[in-house]
Amino acid sequence: MIGYIARRLLGLVPVLFGVTLIVFLMTWVTPGDPVLAIIGEAAQGIGSEQLEELRAAYGLDRPLPVQYADYIGGLLQGDLGTSIRSRQQVIDEIMLRLPATLQLTLAGMGVALLIGLPLGILAAIYRRTFIDYTAIVVALAGVSIPVFWSGLILMIIFSLNLGWLPASGMGTWQHLVMPAVAIGFSSSAFIARITRSSMIETLRQDYVRTAHAKGASATRVHLRHAFRNALLPVVTVVGLQFGGLLGGAVLTETVFAWPGVGRMLVDAIRTRDLPLIQGTVLFIALIFMLINLLVDLSYAALNPKIRYD
Amino acid sequence: MRKLLLTLVLALVAPLAAAQQGLTTAISANPESLDPQLTFNGFSFVVTNQLYETLVRMSEEGEIQPGLATEWEYPEPSRLHLTLREGVEFHDGTPLTAQVVKESIERLIDPATGAPGRFVVTAIDEVNVIDDLTVEIVTEPPFAPLLAHLSHPVTAIVPAQNADTLSRNPVGTGPYTFEQWIDGTQITLTANENYWGGEPAITNVTFRIVPEVSTQIVELRSGGLDIIFSIPPDNFVSLQDTQGIETESFLGWGSAHLGFNIDSPKLEDVRVRQAIAHAIDKDLIIDEFMRGLALPAVSPIPPTVRFAAELDEPYPYDPEAAEALLEEAGATNLSLRLDIYQNPELESVAQVLQAMLADVGINLDIRVQEYAAYVESAQSNAAELYATTWGTVTLDADYTLFAFMHSSEIPQNNMSRYSNPEVDALLEEGRNNPDDEARAAAYLEVQERALQDLPLVNLYYPLSTYAKRDTLQGEDIRFSWMMLDLREAQLAQ
């Protein structure tokens, strides 16, 4: 087991290296002068001479391989570099945003599991009944309704009309409610669907029939025998969703003015702040891979037949 | 009943809101820096403008007014002497002296600083201390718009000794002092008790970072925000009838243009450009797409800018005249590409232009790109038409007319590639002659030539908009929302 984990962790190194190379190349093949993207369209009127000065000041006049080698050199010493625009350490910028992202991701996943799991289980047990169809419609709505619409509707109802919750921002637990529900609702759809199909699969198994025949109560059969075995694919999806939310909750973060890592990354891409893009993507990739590792390890816990040697 | 319920609920959540005394407003993005020399964005400047001050200010009538400097004179055309206000202190107690001003400007013009707004002050050659409160700025050759440039937020005076920490711990002389910056969430400021102009009545100002306009509007209506800026025309119109909300619009420094690459074989004939100008119904664009929140443009610079000329429209909307001109020029079945950048306003204007040009038989192909990619395309030799919004941010004609029409600016800002030695000479005269009358005459001629030679069609001057809760009174916002001035503002309880 420990050997397996060590091997997996070692395997992260080439992947992360590849991530830096791809991000670096992608930023450079994007059309347009990066200096213009960095200073933004507000600096219209700037002359070509000043553009060259800024290029030198930002260190973007050096040959590409040199820039990349410098970056990797810093990285090997644990230095993620400095943001071109804010001139702050990239690691500091990420750490400033991380708590907000973790809060929203955890709360959102909590909501998603609370909605998704029961919905999926019920749909599977009462397959092809009204309950199943309702669950499917709810799941479909969750996937289909974009958060910039549902978020706004939530805001209008709960902030503007009822005055129960603050419309946007971060600070108190009340601020967390609407964004968590908005994220949780759309993630719950995936969880409900995978839970449903996985449950249907397991409910067909012989051991479920045996359990019923032994006279176990329906609840016990469904939850102890079937659900636990149906969990493997669900855990995979939850893991992927969790990783995805860490950097991909951009729309929700934008609508609710939530200061997460995703929004910071999108701003960094828009303004071609290469060190910040590199650092953030690298960070998200690392967390994503660690979550995947945890998911794989959890298989062994869920199904003793699975062993990692 | 609903109101009663609302009051009850509000009373319950009031303790939450009570922590926020004072004014709360929103900006759409996290500023990259609160050092005015290291940024060139409205959402940074609107904050730095509360913290720092410029040497001079611009009045609504285009007059230079005192800021940190109370008096100024030109002993020679290339030497500007400014007398500093007495008794001004930075928030950390450091007194404002000529030496501090010298160091501040020198830091801005030093290429090593990497200031994106350095281009505003490249004319400055040196800064000298005359005495404790008198500073000399040397521009060789004389640079007539210098004072206008010194009213731009990027030239605000910073204590250079704090250079390394100003980004996150700003220290200025302004009416508000820095309190806290919660990254991506909000920036809070407190009234400066020792402000030379007297402590502002509003004691706390919070800039919340709220990217979405629709979220900002919900927040304004539910009381979470007191004032929001730059509201898209449709939303602005719907806010006009909302109880408790006041909407304001004013002519700022902005303008919108359709530019021609006059070196393009398809556009080198001025009759083709005139035909396109005749084919555009500016009033329709303004009424339908800007919901009336713009004025039709004739000159490249709006009337708010110094030396803007009042000119008659030589190319009124006239599709028949357009068709006749095209035929005369032998440009039938013309197909053109229009380059624009991602901007909702430009994108809808481009579509209207497409329809209007189709009416006179011109096929317009629109290419929307990211800003930096757009600039690359519009500056390439293959460019045909481009559209842009622009701000004459120094409020002096030189800023825009020189950029658009001087041959030395090809292709960086003069994307039309307009090159005319006479106009070059006039622009240099306007830039270097300290006499306002001579400048006005030079710029009048340049603006007339712009209409004759038509390197671009000036579409409209958009109005700046803001909406506020009616409890806020006395705010002063000139030319742009980023120039928000709260020194005289009050919040009624």
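How many salt bridges does the structure hold over all chains? The structure, taken over all chains, holds 35 of them, a salt bridge being a side-chain nitrogen of Lys or Arg within 4 Å of a carboxyl oxygen of Asp or Glu. This is a predicted model, in which local features need pLDDT of at least 70 and side-chain atom pairs count only at pLDDT 80 or more, while totals for chains, interfaces and linings use all residues. Residues are numbered from 1 along each chain as its sequence is written, chains are lettered from A and ligands numbered from 1 in the order in which they are written, and side-chain values use heavy atoms, with hydrogens and water left out.

Chain B contains 14 helices and 20 strands, where helices (H or I, at least four residues) and strands (E, at least two) are DSSP runs numbered from the N terminus. Its radius of gyration is 24 Å, close to the 23 Å that the globule rule gives for 493 residues, so chain B is as compact as a globular protein of that length; the radius is taken over C-alpha atoms, and the rule is 2.2 Å times the number of residues to the power 0.38. Along the principal axes, the C-alpha atoms of chain B fill a box of roughly 70 × 70 × 35 Å. Of the 493 residues in chain B, 60% are buried, with buried meaning under 20% relative accessible area, exposed over 50%, and partly exposed in between (1.4 Å probe, protein chains only). Among the contacts in chain B with a separation of 6 or more, 68% are between residues 24 or more positions apart, a contact being heavy atoms within 4.5 Å.

The accessible surface of chain B comes to about 18,900 Å², and 46% of this belongs to carbon and sulfur atoms; such areas come from the Shrake-Rupley method with a 1.4 Å probe, and for residues only the protein chains shown count as cover. Chain B carries 27 positive and 74 negative side chains, the centres of the two sets lying 5 Å apart. In this count Lys and Arg are positive and Asp and Glu negative, with His and the chain ends not counted, and the place of a charge is taken as NZ of Lys, CZ of Arg, CG of Asp or CD of Glu.

Side chains of opposite charge can pair when their charged atoms come close. Glu32(B) and Arg85(A) meet in a salt bridge with an N to O distance of 3.1 Å. Glu32(B) lies in the loop between strand S1 (23-27) and helix H2 (42-51) of chain B, and Arg85(A) in the loop between helix H4 (64-76) and helix H5 (90-125) of chain A, so the pair joins two chains. Both Glu32(B) and Arg85(A) are buried.

Within chain A, Asp132(A) forms a salt bridge with Arg196(A), the closest N and O atoms being 2.8 Å apart. This pair links distant parts of the chain, with Asp132(A) in helix H6 (residues 130-144) and Arg196(A) in helix H8 (residues 173-203), 64 residues apart. Asp132(A) is buried at 1% relative accessibility, whereas Arg196(A) is partly exposed at 22%.

In chain B, the side chains of Lys102(B) and Glu106(B) meet in a salt bridge of 2.9 Å, N to O. These two residues are separated by about one helical turn, because they stand four residues apart in helix H3 (residues 98-109) of chain B; Glu106(B), at 31% relative accessibility, is partly exposed. Elsewhere, Glu53(B), Arg57(B), Asp485(B) and Arg487(B) are joined into one network by salt bridges that share partners.

The backbone comes next. Most residues other than glycine have a negative phi, and most peptide bonds are trans. A cis peptide bond, with omega about 0°, joins Glu140(B) and Pro141(B), and Pro141(B) lies in the loop between strand S7 (134-138) and helix H4 (146-149) of chain B. The peptide bond from Ile410(B) to Pro411(B) is also cis, with omega near -5°, and Pro411(B) lies in the loop between helix H12 (397-405) and helix H13 (421-432) of chain B.

Ser230(B), which is not a glycine, has a positive phi near 50° and is partly exposed, with a relative accessible area of 40%. Leu395(B) has a positive phi of about 65° although it is not a glycine, and Leu395(B) is buried, with a relative accessible area of 3%.
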